[in-house]
Amino acid sequence: MVFGRDRVEYKTPDQVRLMRRAGLVVADTLAAVRSAARPGVTTADLDAVAAKAIDDAGAAPSFLGYHGFTGVICTSVNDEVIHGIPGSRVLAAGDLVSIDCGAIVEGWHGDSAVSFVLGPDGALDHTLPDDDLVAAGADLADIALIRTTETAMWAGIATLASAKRLNAVGEAVEAAVELAGEFNGIDYGIVEDYVGHGIGSAMHQPPDVHNYKTSGSGPRLRSGMCLAIEPMITRGESETRVLEDDWTVVTVDGSRAAHWEHSTAILEDGIIVLTAVDGGAERLGVFGVQPVSLD
């Protein structure tokens, strides 16, 4: 591990391998939480599922106790963008649920988030045909938002494979959101108050990773960088506010929001998505990018 003059932590291949282990714990935990989500379940119930999955894997939660946060995961519902605290809220069919999860293995972090619409029997697969999703009671505008946010995330991640400077990620995310908005006939809001980040021996590290175009080119992308790419997109305006619990971030206009995130490592010969089971192979392939192996 080396820190550059820009305060960015550059990881060795062995440290990236430990982060991959943490990332896979996060992936498995998110899958368990998604599987447990259904109408009538509370967000505290989902938190308990996450706590057991992380503990069973021999890892530790990144979020619990972080600046006093009381959950293992963040559970954000409908107009809640991020940082929702698990508790007594009962989930209902039609809810748009975002789950953010972090785990630590031997001092190294993984961080990832997913969004889904809750159907009568559980989380709906947003890749299903629209007719099937409508039959399950989904609002197709919510499905489009989830698809848009996830696609924008992958566009940003794919950019890491060839870009020279970090701000290319925000440009790619914004372009993907604008393109989807034109196709769907909606002006999506890109949340600017919260951004992605570096990750490694701490959950949040420099540099900030914007989800929109900014002035300047940003830090140079280098081998050993590990970055969490996490667009937060709304069906309305981009402005947010924090509730009285000092954690939960909601949209000012009450529009629904989606949040997707993956932790990604830049290596000498390419990139790998540390929190994706396949390393990002399926979704990066759409952009002509093949993730590298850590073997």
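Helices (H or I, at least four residues) and strands (E, at least two) are DSSP runs, numbered from the N terminus. By this convention, Asp132 belongs to helix H3 (residues 130–135). The structure is a predicted model, in which local features need pLDDT of at least 70 and side-chain atom pairs count only at pLDDT 80 or more, while totals for chains, interfaces and linings use all residues. Residues are numbered from 1 along each chain as its sequence is written, and side-chain values use heavy atoms, with hydrogens and water left out.

An unreviewed UniProt entry lists Asp111, His197, Glu230 and Glu261 under "binding site". UniProt positions are given in the numbering used here, feature names are shortened, and such annotations may be inferred rather than shown by experiment. The four residues span 151 residues in sequence, yet no two of their C-alpha atoms are more than 10.5 Å apart, so they gather at one spot.

His197 is part of strand E10 (residues 196–198). With a relative accessible area of 4%, His197 is buried; buried means under 20% relative accessible area, exposed over 50%, and partly exposed in between (1.4 Å probe, protein chains only). Contact here means heavy atoms within 4.5 Å. Apart from neighbours within four places in sequence, the contacts of His197 include Asp111, Glu230 and Glu261 from the annotated group, as well as Met203, His204, Gln205 and Pro207.

Glu230 sits in the loop between strand E12 (226–229) and strand E13 (232–234). Glu230 is also buried, at a relative accessible area of 6%. Beyond its neighbours within four places in sequence, Glu230 is in contact with residues including Asp100, Asn211, His259 and Trp260, and with His197 and Glu261 of the annotated group.

**Annotated positions: the pair**

His83 occupies the loop between strand E5 (80–82) and strand E6 (96–105). It is partly exposed, with a relative accessible area of 23%. Leaving aside neighbours within four places in sequence, His83 is in contact with Phe69, Cys74, Ser76, Tyr194, Trp247, Thr248 and Val249.

His204 lies in the loop between E10 and strand E11 (205–209) and is partly exposed, with a relative accessible area of 39%. Not counting residues up to four places away in sequence, His204 touches Tyr66, His197 and Gly198. The contact with His197 links this residue to the group of four.

**Side-chain polar contacts**

A polar contact is a pair of N or O atoms within 3.5 Å; within protein, one must be able to donate a hydrogen and the other to accept it, and residues adjacent in sequence count only if both atoms are side-chain atoms. The table gives examples between side chains.

| Side chains joined | Polar contact |
|---|---|
| His197 and Asp111 | 3.3 Å |
| Glu230 and His197 | 3.2 Å |
| His204 and Tyr66 | 2.8 Å |

**Pocket and cavity**

Rolling a probe the size of a water molecule over the atoms shows where empty space is left. On a 1 Å grid over the protein atoms alone, a cavity is a set of points where a 1.4 Å probe fits but cannot get out, and a pocket is an open set with protein on both sides within 12 Å along at least five of seven lines; lining residues have an atom within 4 Å of a point. Grid points are joined across faces, edges and corners, and a volume is the space filled by probe spheres set on the points.

The largest pocket has a volume of about 580 Å³. Of its 22 lining residues, Val114, Glu150, Trp260, His262 and Ala276 are the closest to the centre. Helix H1 (13–36), strand E7 (108–119), helix H4 (140–159) and helix H6 (281–285) each supply at least two lining residues, and H1 gives the most, with five. The lining comprises nine nonpolar, six polar and seven charged residues, where Ala, Val, Leu, Ile, Met, Phe, Trp, Tyr, Cys and Pro count as nonpolar, Asp, Glu, Lys and Arg as charged, and the others, Gly among them, as polar.

The structure holds one cavity of 30 Å³ or more, and the largest cavity has a volume of about 30 Å³. Its lining consists of Leu166, Asn167, Val169, Gly170, Val209 and His210. Helix H5 (residues 167–184) provides the largest share of that lining, three residues. By class, the cavity lining divides into three nonpolar, three polar and no charged residues.

Asp132 is partly exposed, with a relative accessible area of 44%. Asp132 and Thr248 are 116 residues apart in sequence and 32 Å apart in space, C-alpha to C-alpha. Thr248 is also among the contacts of His83.
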